[in-house]
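Dear colleague,

I am handing over the structure we discussed, with the sequence alongside. Please look it over before reading the notes that follow.

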Amino acid sequence: MLRYLPFLLVLAVWIYAFIDVLNTPEKEVRHLPKVVWVIIVLLFGEVLLGPIAWFVTGKKRASGGGAPRRSGGWVAPDDNPEFLKGLDEDRDRDK
């Protein structure tokens, strides 16, 4: 059973990269059109060159570490100053 493990790992990485390319929005794909990345991953997946190229250069990745982004996206209620201000106003109004 152990002799099949390398084959299964390569297959898993190949499938993951292929699905990742398909699910990535066109605006997040770098260097080449999305269709070309699909072809590269499919053609060179058996030797892991296509998937590795996709993971390294093909997709814009969020920078790791550091403070969370505040780009106007969703913010947890306990971190949202407007929500906390509204709670203070509700508490003051109930008094």
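Which residues in α1 meet Pro51, Trp54 and Phe55 in α3? They are Val13, Trp14, Tyr16, Ala17, Asp20 and Val21. Please bear in mind throughout that this is a predicted model.

Overall architecture

The protein chain holds 4 helices and 0 strands. Read from the N terminus, its elements follow the order α-α-α-α. The chain has 95 residues, and 16% of them count as buried. Its accessible surface amounts to about 7,700 Å², and carbon and sulfur atoms account for 64% of that area. When contacts between residues at least 6 apart in sequence are considered, 54% of them join residues at least 24 apart.

Helix α1 and its partners

Helix α1 spans residues 5-23 and helix α3 spans residues 49-58. Their axes come within 9 Å of each other, and they cross at roughly 45 degrees. The crossing in which α1 passes α3 is left-handed.

The pairing of α1 with helix α2, residues 34-43, has its own geometry: the two axes come within 10 Å and cross at roughly 175 degrees. Angles over 145 degrees count as roughly antiparallel, so α1 is described as roughly antiparallel to α2. On the α1 side, the contact is made by Trp14, Ala17, Phe18, Val21 and Leu22. On the α2 side, the residues are Lys34, Trp37, Val38, Val41 and Leu42.

Asp20, a buried acidic residue

Is Asp20 buried or exposed? Asp20, which is located in helix α1, has a relative accessibility of 12%. Because buried means under 20% relative accessible area, Asp20 counts as buried. Leaving out residues up to four places away in sequence, Asp20 touches Trp54, Phe55, Lys59 and Arg61.

The loop between α1 and α2

Glu26 sits in the loop between α1 and α2 and is partly exposed, at 49% relative accessibility. The C-alpha atoms of Glu26 and Lys59 are 9.6 Å apart, although 33 residues separate the two along the chain.

His31 is placed in the loop between α1 and α2 as well. Its phi is near 70 degrees, a positive value in a residue other than glycine. With 65% relative accessibility, His31 counts as exposed.

The remaining loops

Leu48 lies in the loop between α2 and α3. Although Leu48 is not a glycine, its phi is positive, at about 65 degrees. Leu48 is partly exposed, with a relative accessibility of 23%.

Pro77 belongs to the loop between α3 and α4. Its relative accessible area of 40% makes Pro77 partly exposed. Beyond its neighbours within four places in sequence, Pro77 is in contact with Phe83 and Leu84.

How many salt bridges does the structure hold? There is 1, and it is formed by Asp88 and Arg91, whose closest N and O atoms are 3.3 Å apart. Both residues lie in helix α4, which covers residues 81-94. Asp88 and Arg91 are 3 residues apart, about one turn of the helix. Asp88 is partly exposed, with a relative accessible area of 36%, and Arg91 is also partly exposed, at 48% relative accessibility.

With kind regards

How values were computed:
Residues are numbered from 1 along each chain as its sequence is written. This is a predicted model: local features need pLDDT of at least 70, side-chain atom pairs count only at pLDDT 80 or more; totals for chains, interfaces and linings use all residues. Side-chain values use heavy atoms; hydrogens and water are left out. Helices (H or I, at least four residues) and strands (E, at least two) are DSSP runs, numbered from the N terminus. Buried means under 20% relative accessible area, exposed over 50%, partly exposed in between (1.4 Å probe, protein chains only). Contact means heavy atoms within 4.5 Å. Accessible areas come from the Shrake-Rupley method with a 1.4 Å probe; for residues, only the protein chains shown count as cover. A salt bridge is a side-chain nitrogen of Lys or Arg within 4 Å of a carboxyl oxygen of Asp or Glu. Axes are lines fitted to C-alpha atoms, for helices over the stretch in contact, and angles run from 0 to 180 degrees between N-to-C directions. A crossing is left-handed if the near helix is turned anticlockwise from the far one by less than a right angle, and right-handed if clockwise. Angles under 35 degrees count as roughly parallel, over 145 as roughly antiparallel, 65 to 115 as roughly perpendicular and the rest as oblique.
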